[in-house]
Amino acid sequence: MRSFGYERAGSPQGAAQAGAASGAAFIAGGTNLLDLMKLEVETPTRLVDLGRLDPGGVHPTAEGGLRIGAGVSNSALSADPTVRSQYPLLAQALLAGASPQLRNRATTAGNLLQRTRCVYFYDTASACNKRAPGTGCGAMGGVNRMNAVVGTSSACIAAHPSDMAVAMMALDATVETVTANGAGRRIPITGFYRLPGNTPHLDTVLQPGELITAVTLPPPPPGVQGYRKIRDRASYAFALVSVASIVDGSDGQIRQARFACGGIAPRPWRVEAAEAALTGARADGPALDRACDLLLQGAAGHGYNDFKIPMVRRLVTHVVAQAVRPGQEQRNG
Ligand code: SF4
């Protein structure tokens with residue numbers, strides 16, 4: 001690890017000002033950044049520690065939703081009674097990620113901003129356009145079992161690693177930020193992550209120094225919520241394919257469905273047209289096939305990850321059909 005400067009932020013705006021300096025990086029739980037620094041994948045010259053800031057808590061909003069402070073730990077969020085009763089898919093996604101020790105340290109904002117686990121990104125001897133723009137992509141033609149099949153570019157096929165962000169995408173979360181000049185932004189999560197294009201080193205639309213202060217959720221929509229994750233072992237593994245879903249319907253009839261997928265794209269993958277194809281449809285008819293076609297439009301495997309395309313089709317079909325199967329009680333969770 002290289003030497004670096006260090007300071008403790010006393011306020012969100014002070015943090016944003018310090019974080020805007022060239023070479024600066026925020027650190028909160030440090031569960032991803034410290035690994036990246038030890039491997040010299042990231043080499044900040046100054047760390048701005050957010051650990052003394054108010055984590056923000058989990059509070060109801062006037063609109064009937066929830067406001068989650070940026071510094072709330074993944075453990076605290078997954079244990080929050082309102083999250084467990086009203087947003088169970090968020091609690092399930094959080095508990096499907098990492099280990100209890102990591103969830104105790106990891107924060108809401110840090111979880112959104114964690115970087116891909118593409119093995120070539122972490123290996124400084126390999127070509128990687130995300131780590132070192134213009135050097136190429138080791139995963140194309142390499143061992144790409146964990147990489148993405150949709151939303152990719154010729155520069156990068158990395159998959160987004162977060163489970164929580166997939167749930168946030170299905171729940172229509174909004175990311176609140178503060179910038180160095182004190183202005184704030186509210187960024188819908190649908191516009192928060194960038195696709196790689198020819199700038200895969202940029203994961204999000206955040207500007208230098210822009211600090212996440214909270215994430216807000218609208219009131220939960222009606223329907224059965226769930227988070228299903230397929231992975232190589234039962235715990236402490238990233239998703240091969242995951243689906244966060246909210247399905248309203250009964251007796252095989254879908255009224256409305258939302259679903260976001262993890263493990264298959266550079267960002268949590270949600271396609272409005274795929275959801276629209278299910279509105280008012282039968283779960284045992286052709287609509288689910290059509291929805292999966294729309295979800296996976298343009299999808300292409302890269303060898304070792306070809307299996308993800310049929311796998312996500314089967315998982316979406318299973319999750320939606322199960323949610324409206326005859327006798328299924330309409331509830332959250
Ligand atoms: Fe780097 Fe992206 Fe290629 Fe992985 S897929 S090696 S992160 S450019």
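I began with Leu34 and found its place in helix H2, residues 33-38, where helices (H or I, at least four residues) and strands (E, at least two) are DSSP runs numbered from the N terminus. At 32% relative accessibility I logged Leu34 as partly exposed, a class that lies between buried, under 20% relative accessible area, and exposed, over 50% (1.4 Å probe, protein chains only).

I am reading a predicted model, in which local features need pLDDT of at least 70 and side-chain atom pairs count only at pLDDT 80 or more, while totals for chains, interfaces and linings use all residues. Residues are numbered from 1 along each chain as its sequence is written, and side-chain values use heavy atoms, with hydrogens and water left out.

I placed Asn144 in the loop between helix H7 (108-113) and helix H8 (164-170), and at 0% relative accessibility Asn144 counts as buried. A polar atom of the Asn144 side chain lies 2.8 Å from the backbone oxygen of His302. Leaving aside residues up to four places away in sequence, I listed the contacts of Asn144 (heavy atoms within 4.5 Å) as Ala139, Ile157, His302, Gly303, Tyr304 and Asn305.

I next looked up Thr179, which sits in the loop between strand S6 (174-178) and strand S7 (184-188) and is buried with a relative accessible area of 16%. With the same exclusion of residues up to four places away, Thr179 touches Gln13, Ala16 and Glu210.

I searched the whole structure and found 17 salt bridges, each a side-chain nitrogen of Lys or Arg within 4 Å of a carboxyl oxygen of Asp or Glu. One of them pairs Glu275 with Arg270 at 2.7 Å, N to O, and Glu275 is buried at 7% relative accessible area. Asp289 forms another with Arg313, the closest N and O atoms being 3.5 Å apart; this pair links distant parts of the chain, Asp289 in helix H10 (residues 287-295) and Arg313 in helix H11 (residues 308-323), 24 residues apart.

Technical notes: A polar contact is a pair of N or O atoms within 3.5 Å; within protein, one must be able to donate a hydrogen and the other to accept it, and residues adjacent in sequence count only if both atoms are side-chain atoms.
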